[in-house]
Every structure is written in C-alpha cells, then in structure tokens.
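Me: Hey, I'm new to this one. Can we go through a few spots together?
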Amino acid sequence: MGDTLPNLLHGFSVALEPHNLMWSFVGVLIGNVIGVLPGMGIMATISILLPLTFGMPPVAAILMLAGIYYGAQYGGAICSILLNLPCHASHAVTCLDGYPMTLQGRGGVALGITMMAAFFGAAFGIMQMIFFAPFLVSIAFKFGPAEVCTLMLLGLLAGATLARGSALKGIAMTVVGLVLGTVGTDVDTGTARFTFGALSLYNGVDLVAVALGFFGVAEFLKSVNTIKVGNLAGMMRIRDLRPSRADLRQAALPILRGTVIGSLCSLIPGTGPTIASFLAYAAEKRISRTPGIFGQGAIAGVASPEASTHSAVQADFIPTMSLGIPGDAVMALILGALIIQGIQPGPQLMTEHPDVFWGLIASFWVGNILLVILNVPMIGVWVKLLQIPFRYLFPFALFFICVGVYSTNNEMFGVVQTLVIGVVGYGLLRLGFHPAPILLGFVLGPRLEENFRRALTLSRGDLGVFVESPISAFFVALGVTLVVGQIFFACRKTRVVRDLAGLVPDAKGALEES
C-alpha cells in the first residue's frame with residue numbers, strides 16, 4: 001500500500017506523455033462517437049482497429065483500446081435518453097425512465113445526471129482497481145457455479161419488477177427471454193436447440209438484435225402513426241442541463257447503490273455492465289417507497305443503472321489484468337491485444353510491466369476527464385437532435401440500426417432478425433407487455449443454465465449444493481423473500497380493493513389502475 005502513491009504518480013507520468021495522451025484521446029473520441037450511433041458495437045470497432053495496434057507501442061495500444069471501451073459507455077446513454085434507442089445492451093434499461101424524462105422536457109436533466117453518475121461510478125471503479133484489487137479478487141474466487149447460479153436466479157426473480165403494471169406480465173416476458181436465450185448450440189452436448197434448421201441460429205439470437213429490435217424498431221413502429229404535439233427540443237434549454245438540488249438529492253443514494261452493485265458484478269467473469277445495469281435498476285425499484293414512478297421518468301431509474309454500468313466497465317479490468325481472466329468478449333479482445341504485444345496478464349503484471357499497468361490506471365482518470373470535457377459542450381448538439389422532425393429522424397435511426405447490426409456479423413440475417421424482433425416487440429407494446437424483462441431473461445438465462453448444470457455436475461446431482469455455501473444460501477434466501485413479498489403485497493392489495501369496492505363505487509378501478 002505504501003508504494004501505491006509513487007506507482008500512481010509514475011502512471012500519470014506515462015499516461016501524460018504526448019503520444020500516449022494523443023492515443024488515449026483518440027480512443028475515447030472514437031468510443032464516444034460509436035456509443036452515440038445505434039448498433040455500432042464496441043466489439044466490431046475494437047476488432048477492426050486491433051490490427052492497427054500491432055505496430056504501436058504497448059502502452060499506447062492498450063490505452064487506445066481501453067478508451068474505446070469505456071468511452072462508448074458515455075455515448076451509449078445519449079440515444080437511450082433522447083431517442084429511446086439503446087445503442088448498447090447495457091443502456092437498454094436507461095430507456096425505461098430516460099426517455100420519459102425527455103418526453104416531459106427533462107432530457108437535459110437526465111443527461112446531466114447521467115454524466116455525474118458515470119463519472120462517479122468510473123472514479124469508484126478506478127479507486128477499486130488501485131487499492132482493493134487483491135482483496136476483491138480473493139472474494140471473486142469464492143464465487144463458484146452454485147453462487148453464480150443463485151445470483152442469476154435472484155436477478156431473474158427481480159426481473160418482474162422491471163415491467164410496468166402487472167408483475168405477472170413481467171414474469172411472462174422474463175420467461176420469453178429465457179426461451180430466446182436457449183436458441184442455438186448447447187455448450188455441453190453440441191445439440192442444436194430451437195434453430196429450426198437455420199444455420200445462422202446455431203450461434204444463438206444476437207444480443208444486439210434483441211436490444212435494438214425491442215427498443216429501437218418497436219419504438220419506431222409505435223411512433224409511425226403518432227401525432228407529435230409541439231417540439232420537445234424546444235422545451236429543453238442549455239441551462240436546463242444542470243440538475244436542481246432536489247434532483248441531486250434524489251440521485252445521490254441511487255448513484256451510490258448502483259456503483260456498489262456494478263463494482264461487485266464486475267468481479268464475476270461473464271457478468272459485465274449489462275447484467276449490472278439491470279440488477280441495479282431492479283434493486284432500486286424494489287427498495288423504493290414509490291415504485292410506481294419507475295417507468296414514468298424516475299431520476300433513480302437513470303442514475304443507478306448508469307453508475308453501475310460505468311463502475312462495472314472500469315472494474316472489469318481487475319480480473320483481466322490481475323488474473324488474466326477476461327470478464328466478457330471485449331475484455332478477451334483487450335487481453336489478446338496484450339498477449340500480441342508480448343505482455344502476459346496476471347499477478348506479475350504490476351512488477352514486470354509497471355508502465356502498462358499503472359499507465360492504464362492513470363489513463364482512466366485522464367480519459368474520463370476528457371470525456372466530460374467532450375460531452376459537456378456537445379450535449380447541446382445531442383439535444384438539437386430532437387429538433388429534427390420525427391419523419392426524418394426515425395428512418396435515419398432505423399438505417400443506422402440496420403448498418404450497425406449488419407456490421408457485427410457481416411450478414412443480412414442479423415438485420416432480418418432485428419426487424420422481426422421489432423415487429424414482435426411492437427405487438428407486445430400494443431398488448432401492454434413491456435419488453436424490458438425479455439432482455440433481462442435473455443442476458444441472464446444462458447449464464448443461469450450454464451452454472452446450474454455445472455454445479456449439479458460437480459455435486460453429482462445433489463441440489464443441496466445451492467444452500468451449502470453461505471453466499472449461495474444468502475442469495476436463495478433473498479429470492480424466497482422476494483417471491484413471498486410479491487405474493488403478500490398482491491394478496492393485500494386484492495383484499496383492500498375488495499373491501500373498498502362496496503364503500504366507494506370507483507375505488508376498485510382506481511386502485512387497479514394504480
């Protein structure tokens with residue numbers, strides 16, 4: 001711990017070298033632009049630019065790739081809030097309250113809260129990597145298949161709270177997401193499941209197609225015949241971007257809670273910012289005294305997921321750099337870039353390559369400050385997007401969605417997949433089923449199944465393995481409490497409606513609508 005400050009100062013001296021600073025700026029700029037464009041994925045961008053790093057110095061190469069990764073998260077929230085288009089899956093949950101805030105003329109406040117939450121979450125993730133990496137890695141080692149399985153199950157149970165209205169509809173949508181997650185080749189047996197003979201489905205349904213189909217194309221179809229009254233952009237002024245004191249008070253604790261959830265999720269390989277954002281939103285709605293405001297423009301519904309996303313993104317580097325274990329596909333690419341440069345990630349990285357390790361950590365601070373400097377003056381430009389008439393804006397957005405989806409796998413099947421999912425999503429919206437729990441089930445389902453089967457294999461079919469570990473038993477207890485609580489409040493609400501129905505004629509309808 002005594003060497004941390006001198007090492008960090010050395011890292012800043014490396015990160016602030018002109019050529020390293022230039023490549024860090026290039027990375028965050030590209031990432032920010034890619035984040036704003038619907039469908040333009042981080043994976044595709046890093047894959048395209050990876051050959052460029054072969055002739056670059058190791059530090060500059062890693063700083064650029066890392067800048068693209070966390071820079072895209074800043075830009076990803078912009079389309080989610082202003083246009084209801086989740087440019088990345090981790091920002092899909094931001095649409096639930098960010099876009100309603102825009103419709104209320106508070107899109108600027110949502111963007112301001114997002115930037116604060118993003119910077120705080122990222123700062124916490126960086127400090128976590130500096131001071132607590134060895135301790136947190138030791139905790140991560142205690143998460144075996146049973147612990148990860150019960151955590152995923154808890155997230156799915158909380159998924160019903162993401163739905164607007166009926167919890168039963170939320171459960172139904174979560175089940176649909178689970179079914180979508182089973183499409184493709186079984187990892188253990190190699191058997192094709194629900195592919196109907198289509199070779200393109202052997203790799204499963206694309207996450208980008210699910211996110212952009214349900215939240216992008218479906219919203220476009222929903223808005224086609226809608227007459228927009230007034231100009232939403234005209235209701236937003238530059239000075240409105242600064243949140244009021246009341247807004248900051250509402251956002252403070254959600255930002256803190258989301259940051260902690262994101263930091264913890266990042267330590268479990270394969271979890272990443274997408275799952276962290278959904279868990280943060282579900283937890284925030286569950287503990288709120290006024291859960292009914294979620295989905296209607298709640299500040300907590302924007303602040304908590306965004307803080308968790310950026311905290312998870314920064315802390316994702318802990319297992320990658322300290323253990324050589326990538327947490328997701330993007331981290332695997334960055335890990336590959338390190339290996340190509342002749343650098344082996346692991347416990348000895350700090351001592352054998354201090355320029356890379358400490359330079360990367362210092363670049364996180366520099367890059368996040370650069371992102372704030374870039375986005376504060378540019379927020380006015382993003383707000384101006386709403387001045388474009390919808391009859392021009394949404395077709396262009398649909399075009400970029402198709403281009404982005406096509407670029408991920410370079411095949412038209414992904415575009416068709418997105419459009420079909422969008423039509424289905426539009427039908428669900430018309431029937432009162434919100435698609436957010438589908439995405440949660442789709443993301444968590446494969447991880448749940450994989451770890452469930454692995455845990456049973458290790459325990460030779462003994463279901464007791466899920467309550468033997470204190471961590472796993474704690475998650476199971478929380479899940480049971482969640483289910484019992486839902487049943488209790490549903491029964492209590494039914495009883496209240498029945499008692500008041502005879503006293504006040506309109507009470508039953510009013511309470512059921514609430």
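Me: Let's start with Leu 419. Is Leu 419 buried, exposed or partly exposed?
Reply: This is a predicted model, by the way. Leu 419 is partly exposed, because its relative accessible area is 35% and that class sits between the 20% and 50% cut-offs.

Me: OK, and where is Leu 419 in the fold?
Reply: You'll find Leu 419 in helix H19, which covers residues 412–430.

Me: Leaving aside neighbours within four places in sequence, which residues is Leu 419 in contact with?
Reply: With those set aside, Leu 419 has contacts with Val 217 and Leu 398.

Me: How many residues apart in sequence are Leu 419 and Val 217?
Reply: They're 202 residues apart in sequence, yet in space their C-alpha atoms are 6.7 Å apart.

Me: Switching topic: how many aromatic pairs are there in the whole structure?
Reply: A search of the whole structure turns up 5. One of them is Phe 357 with Trp 358, an edge-to-face pair with 5.2 Å from centre to centre and 85° between the planes.

Me: Are Phe 357 and Trp 358 buried or exposed?
Reply: Both Phe 357 and Trp 358 are buried.

Me: And what kind of pair do Phe 474 and Phe 475 form?
Reply: That aromatic pair is tilted, with the centres 6.0 Å apart and the planes at 50°.

Me: Which class does Phe 475 fall in, buried or exposed, and why?
Reply: Phe 475 is buried because its relative accessible area is 12%, and buried means under 20%.

Me: What about Phe 474, then?
Reply: Phe 474 has 48% relative accessibility, so it counts as partly exposed.

How values were computed:
Residues numbered from 1 in each chain as written. Predicted model: local features only at pLDDT ≥ 70, side-chain atom pairs only at ≥ 80, totals over all residues. Heavy atoms only, no water. Helix = DSSP H or I, 4+ residues; strand = E, 2+ residues; numbered from the N terminus. Buried < 20%, exposed > 50% of the residue type's maximum accessible area, 1.4 Å probe, protein only. Contact = heavy atoms within 4.5 Å. Phe/Tyr/Trp six-rings, centres within 6.5 Å; stacked < 30°, edge-to-face > 60°.
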